[in-house]
Amino acid sequence: MSKSELKPVAVFEQFAKINQIPRPSKREEKMIAYLKEWGESRGLDTQVDETGNVIIRKPATKGMENRKTVILQSHMDMVCDKLVDVEFNFDTDPIKTYVDGEWLTAEGTTLGADDGIGCAMELALLDSSDIEHGPIECVFTRDEETGLTGAEGMKAGFMTGDYLINLDSEDEGEIFVSCAGGRNTTATFHFQKEDAPQGLFFMRAQLKGLVGGHSGDDINKQRANAIKLLGRFLYQEMQRYEGIRLAQFNSGKMHNAIPRDGMFVIGVPHDVKENVKADWNVFAAQVEEEFCVTDTQMVWAMESTDAEPVIESTVARNFVYALQAVDNGIYAICQDPALNGMVETSSNIASIETADTEIKIVSSQRSNVMSNLDNMCATIGACFLLAGAEVKHSDGYPAWKMRSGSELQRIVRESYVKLFGKEPVVRGIHAGLECGLFSERYPNLDMVSFGPTLRYVHTPDERLHIPTVQMVWDHLLDVLRQIPEK
């Protein structure tokens, strides 16, 4: 299959245009301008709110004027990640895509199908002249990936529809009716750099090639976390040998991704340097065996490097001990049988950055039960507080509770059965959807979320399953035809 053969043609044409536009989270100005000009040039009611969210309204087709209004919603920003050896500027360069069998992917970067493919479906619908539908409002929110601040900043009344279909899900055949709330915890260790003691041999260790993934939707897949693995090795070596000094620790880029690579620089006494190298090789083999199912392409490297100033020993020790101790992964499973064993509460250590006088650790907590979210944040915070760090929690975003007796859920489910001859999976998701924030501002809004199949989102391996785009498009258009009158 070539890119010219991708179907539905209208959707993939819009997606190709979107991927020419730089749209990193918090820097979506070019995409906002594109959408505004796009809607206005077609004579459609187009508005941009003070936060930067865009809404484009399209009247009903003939004979469907009395149908309830449907809001279609996706986010315009994308996670920007790339392979470490790829030269790419997300502020200027277009995403380069290619077809790999039944999958569309990108050359060494994230694809942007999360959620560019949702935006493309909205634009294809707005641009159509032969699709039946009632009144529709197409909403494009900004900055979903780094805190849902677009949805957070949207004021009540910007949207006026009766139903909302969020197009930001990643498994065709699954209809999402609930999502987790989330919050970030940032721990900062402050220190003064010191000249390294005499007699230390400096080593730079690097781990890369992990699968990574979305820290909510992929947390149940038990994938390796680069930060936890590197911290675990440092803890082990500090227990075995005296005099090890930490100079750097850097890993991860985004608050909502499982870190897939990382590095540290340490100085070790000359008489144990060969022991540390041997320990590294043994540790690598042990970890590869532990993750032989989920992470099969790990790359481990340790080499000598130049001496450099080191972090105060007490701070470095407490930092490493905290990394060993801090909770990471699944904390609780949903008790509601309707949610079918979904993860309820989790935490992910997402990134670490060493600067001249501080080490900053960002972690992400999620839960479908807000009191348990508070507890998870407190648990992570307490670990770092005990280690002497300064701890701050973000405001976060709320969970979206499942709506009993939802009319939209019924319409979407019945349409799916009619089209594909099988029942869809109706479930919640352990990730943040903007539906949680919408449910606060628009408590009477009936919502669902669905979309085509994506894999390895938030990583350079992100890929879109091409056949499912046609399935979701057909499903969406049939749902629009089934919307009842007001």
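What follows is a walk through this predicted model, from its cysteines to its aromatic rings and strands. Residues are numbered from 1 along each chain as its sequence is written. Because the model is predicted, local features need pLDDT of at least 70 and side-chain atom pairs count only at pLDDT 80 or more, while totals for chains, interfaces and linings use all residues; side-chain values use heavy atoms, with hydrogens and water left out.

Let's start with the cysteines. A disulfide here is a pair of cysteine sulfur atoms within 2.5 Å, and by that rule the count is zero. Take Cys-119: the nearest cysteine sulfur belongs to Cys-138 and is 9.9 Å away, so Cys-119 is in no disulfide. Cys-119 is also buried, with a relative accessible area of 0% (buried means under 20% relative accessible area, exposed over 50%, partly exposed in between, with a 1.4 Å probe and protein chains only). Cys-334 is in no disulfide either, with the nearest cysteine sulfur, that of Cys-179, 11 Å away. Its relative accessible area is 11%, which makes Cys-334 buried too.

Now for a helix. Helices (H or I, at least four residues) and strands (E, at least two) are DSSP runs, numbered from the N terminus. Helix H3 covers residues 113-126, and 14 of its 14 residues are buried.

On to the rings. A pair of aromatic rings is described by the distance of the centres and the angle of the planes. Rings of Phe, Tyr and Trp (its six-membered ring) pair if their centres lie within 6.5 Å; planes under 30 degrees apart count as stacked, over 60 as edge-to-face and the rest as tilted. That rule gives 13 aromatic pairs. One of them joins Phe-189 and Phe-384 edge-to-face, at 6.3 Å centre to centre and 75 degrees between the planes. Phe-189 sits in strand S9 (residues 181-190) and Phe-384 in helix H8 (residues 370-386), so this pair ties together parts that are 195 residues apart in sequence. Phe-189 is buried, at 2% relative accessible area, and Phe-384 is buried at 1%. Another edge-to-face pair is Phe-283 with Trp-300, at 5.9 Å and 85 degrees. Here helix H6 (residues 273-290) supplies Phe-283 and strand S16 (residues 299-304) supplies Trp-300, so parts 17 residues apart in sequence are tied together. Both Phe-283 and Trp-300 are buried. These residues belong to one aromatic cluster, whose members include Phe-189, Phe-283, Trp-300 and Phe-384.

Finally, the strands. Two strands pair if DSSP finds at least two bridges between them. An open sheet of four strands runs in the order S4-S5-S25-S24, with antiparallel pairing. S4 (97-100) and S24 (454-455) stand at the edges with a single partner strand each, so one side of each has no neighbour in the sheet. S4 is joined to S5 (residues 103-106) by four bridges, and Val-99 has Leu-104 in S5 as its bridge partner.

Strand S19 (residues 343-354) has eleven of its twelve residues buried, so the rest of the structure largely encloses it. Four bridges link S19 to the antiparallel strand S18 (residues 329-333), with Thr-345 in S19 as the bridge partner of Ala-332. S19 also pairs with S20 (residues 358-367), antiparallel over nine bridges, and the two form a hairpin with three residues between them.

Definitions and conventions:
Expected span 1.5 Å × (residues − 1).
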